[in-house]
Amino acid sequence: MKILLLGKNGLLGREITHAFNNKGNDEFFALNHTDLDITDKDALFLMLKDFKPNYVINTAAFTFVDECEAKKEFVMDVNGYANGALAEICNDLNCHLTYFSTDYVFDGTKDGEYTEDDTPSPINVYGHSKLLGEQLIQKNTDNFYIVRTSWLFGMHSRNFVTTMLERAKKNKEIKVVDDQIGKPTYSHDLAGGVFDMIHDKSLESGIYHLVNEEKTSWYHFAKKIFDATNSSDVNLIRISSNNLDRVAPRPLNSSLKNSKLPKLRTHPQALEDYLHQLNII
Ligand SMILES: NC(=O)c1ccc[n+]([C@@H]2O[C@H](COP(=O)([O-])OP(=O)(O)OC[C@H]3O[C@@H](n4cnc5c(N)ncnc54)[C@H](OP(=O)(O)O)[C@@H]3O)[C@@H](O)[C@H]2O)c1
């Protein structure tokens, strides 16, 4: 199979590239932002027409949630309309498209976990833009996976875990919100799951939730990080979202339920593995 990944230098792009280069025997190619801007429809078409992939995996996106609020038009273009165009091109060229979406397409008011069939209702620009991408893909092609995931951490990029560990080196008092609930997900496990999806010939097009199991709050996730690294000198203080001056609102409950795919391990198991990979424990 011939596979083309877009967004090669991002957290997830690097991990999926690593997974496909180390497993299976596909012809795998990856492009970064400099190679191809996904908002350039003509360049996208020429690249795909020339390259003729069977599968396109798009990890390229604008992911700075707070910055999105002031750049609505730009963000709707990158995360939304570009994916609509990509889906149209993939459909014309008979190529399958995998797109990544987010727990932030939900408003966070549900009492319980969000299933793949729940109706999205985003509360920030980033969520709106990712939902637009989902909608245009479903409109423009029948041959797709929309993979919703959440709270990514992993090698190759700064993330919540590395931020906590860096802050602990400088500051013994760390404040973390305790009223946002979700599922931290290890990019390594997500990439493995995506590899399996692409190689599962019987898996139908549709929306899938792929996250590590076990929900938590950011505060409790931070606590697990400091407990696992024996950082007993850190004074971790729980705060509420109201005490944080963030530009974009976040859903309070964004726990995704994976009810269609084989389940990934729990996030504490994944975190332990990640900290081992970092040679921290
Ligand atoms: N990180 C999370 O917690 C999370 C949670 C849920 C869903 N997701 C979704 O998962 C996917 C991957 O996220 P990630 O965390 O890996 O993101 P990331 O680390 O921010 O990487 C995104 C990549 O996309 C590239 N990019 C941005 N605009 C582009 C454009 N117009 N054309 C081509 N490339 C462009 C960026 O390149 P430059 O840096 O050079 O611009 C960057 O390398 C995204 O769809 C995201 O919405 C992420």
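Which residue of strand 10 does V147 stand opposite? Select V147 and look across: Y208 is there. This is a predicted model, in which local features need pLDDT of at least 70, side-chain atom pairs count only at pLDDT 80 or more, and totals for chains, interfaces and linings use all residues. Residues are numbered from 1 along each chain as its sequence is written.

Show the open sheet of six strands, order 2-1-3-4-5-10, with parallel pairing. Strands here are DSSP runs of E, at least two residues, and helices are runs of H or I, at least four, numbered from the N terminus. Two strands pair if DSSP finds at least two bridges between them. Strand 2 (27–31) and strand 10 (206–209) are the edges, each pairing on one side only.

**Strand 5.** Select 144–149. Six of its six residues are buried, that is, 20 or more other C-beta atoms, placed from the backbone, lie within 10 Å of their own. F144, I146 and R148 point one way; Y145, V147 and T149 point the other. Six bridges join strand 5 to strand 4, and four join it to strand 10. Find T98 next: its bridge partner in strand 5 is Y145.

**Strand 3.** Move to residues 55–58. Strand 3 pairs with strand 4 over four bridges, in the parallel sense. N58 stands opposite Y99.

**The ligand.** Now select its shell: 24 residues, the closest being G10, L12, A60, A61 and L152. A residue belongs if its C-beta atom, placed from the backbone, lies within 6 Å. Helix 1 (11–22) and strand 4 (96–102) each give two or more residues. The largest share, three residues, comes from helix 1.

Conventions
A residue is buried if 20 or more other C-beta atoms lie within 10 Å of its own, exposed if 12 or fewer, and partly exposed in between; C-beta atoms are placed from the backbone.
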